[in-house]
Amino acid sequence: ALGSDGRQLEDGQALYDYMRALAARLRRVRVCCGDWSRVCGPSPTVKLGVTGVFLDPPYSDLANRDPGLYATDSLDVAHECRKWALEQGDNPLLRIALCGYTGEHDGEMTDAGWTPVYWKAAGGYGSQADANGNGRANSHREVIWFSPHCLQPHIVAPTLFDFEDNE
């Protein structure tokens, strides 16, 4: 096992402690998989209280990407996710994050009070391309838009363990 600084752990205790802390932090987290619209209804979200929703749809037609990039592909699902996110963005029980590329959702999201956080992707198959490949160029286009009720990511970048569990 490797420590966070890349060194081999002597006895694995640090990894064990980290995994126990992670399990404790995530013990009330519900992870839903499948069609995004099926799991974004009120029962798995606001009926449970304050809920975080992380949407990472396939890049849309506005992303200037290969329309056959994914095995099951859609150039529209990102637009559908954005529409739902904007409709739900004022709900204080929802903290929504929508991923995409610059140019996909910019105007509508920022006009509605969402906060963009720009970042650079470090890996993935796209980074294996030659120096002129799209993967390397596109790695600088990544954005996550946070809804108005999200904690302020541009002010503080907390770790997973920085929040107290009140229960």
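This is a predicted model: local features need pLDDT of at least 70, side-chain atom pairs count only at pLDDT 80 or more; totals for chains, interfaces and linings use all residues.
I then looked for its ring partner. Tryptophan 84 forms an aromatic pair with tryptophan 36. I read 6.2 Å centre to centre and 70 degrees between the planes, which makes the pair edge-to-face, since planes over 60 degrees apart count as that. Tryptophan 36 belongs to helix H2 (residues 36-39) and tryptophan 84 to helix H3, and the two are 48 residues apart. Tryptophan 36 also counts as buried, at 16% relative accessibility.

How many aromatic pairs are there? I have two. Tyrosine 59 sits in the loop between S1 and H3, while tyrosine 101 is in strand S2, so the pair ties together parts 42 residues apart in sequence. Both ends are buried: tyrosine 59 is at 14% relative accessibility and tyrosine 101 has a relative accessible area of 6%.

Next I went to the sheet. It is open, has four strands in the order S1-S2-S4-S3, and its pairing is mixed. Strand S1 (51-55) and strand S3 (115-119) are the edges, each pairing on one side only. I noted an average twist of 20 degrees from one strand to the next. S1 pairs with strand S2 (residues 94-101) in the parallel sense, over five bridges. In this pairing I found glycine 52 opposite arginine 95 of S2. Helix H3 (residues 77-88) lies across S1 and S2 and runs at about 150 degrees to S2.

I then checked the nonpolar cores. Which residues of the largest one touch the most other members? Out of 15 residues, they are Trp36, Val53, Leu55, Trp84 and Ile96. S1, H3, S2 and strand S4 (142-146) each supply at least two residues of this core. H3 gives the most, with four.

I took leucine 55 as an example and left aside its neighbours within four places in sequence. Its contacts include both tryptophans of the edge-to-face pair, Trp36 and Trp84. Leucine 55 also touches Cys40, Cys81, Ala85, Ile96, Ala97, Leu98 and Cys99.

Last, I noted a second, separate core of five residues. Among them are Ala97, Ile144, Phe146 and Cys150.

Definitions and conventions:
Residues are numbered from 1 along each chain as its sequence is written. Side-chain values use heavy atoms; hydrogens and water are left out. Two strands pair if DSSP finds at least two bridges between them. Axes are lines fitted to C-alpha atoms, for helices over the stretch in contact, and angles run from 0 to 180 degrees between N-to-C directions. Contact means heavy atoms within 4.5 Å. A nonpolar core is a set of buried Ala, Val, Leu, Ile, Met, Phe, Trp, Tyr and Cys residues joined through side-chain atoms within 4.5 Å. Buried means under 20% relative accessible area, exposed over 50%, partly exposed in between (1.4 Å probe, protein chains only). Rings of Phe, Tyr and Trp (its six-membered ring) pair if their centres lie within 6.5 Å; planes under 30 degrees apart count as stacked, over 60 as edge-to-face and the rest as tilted.
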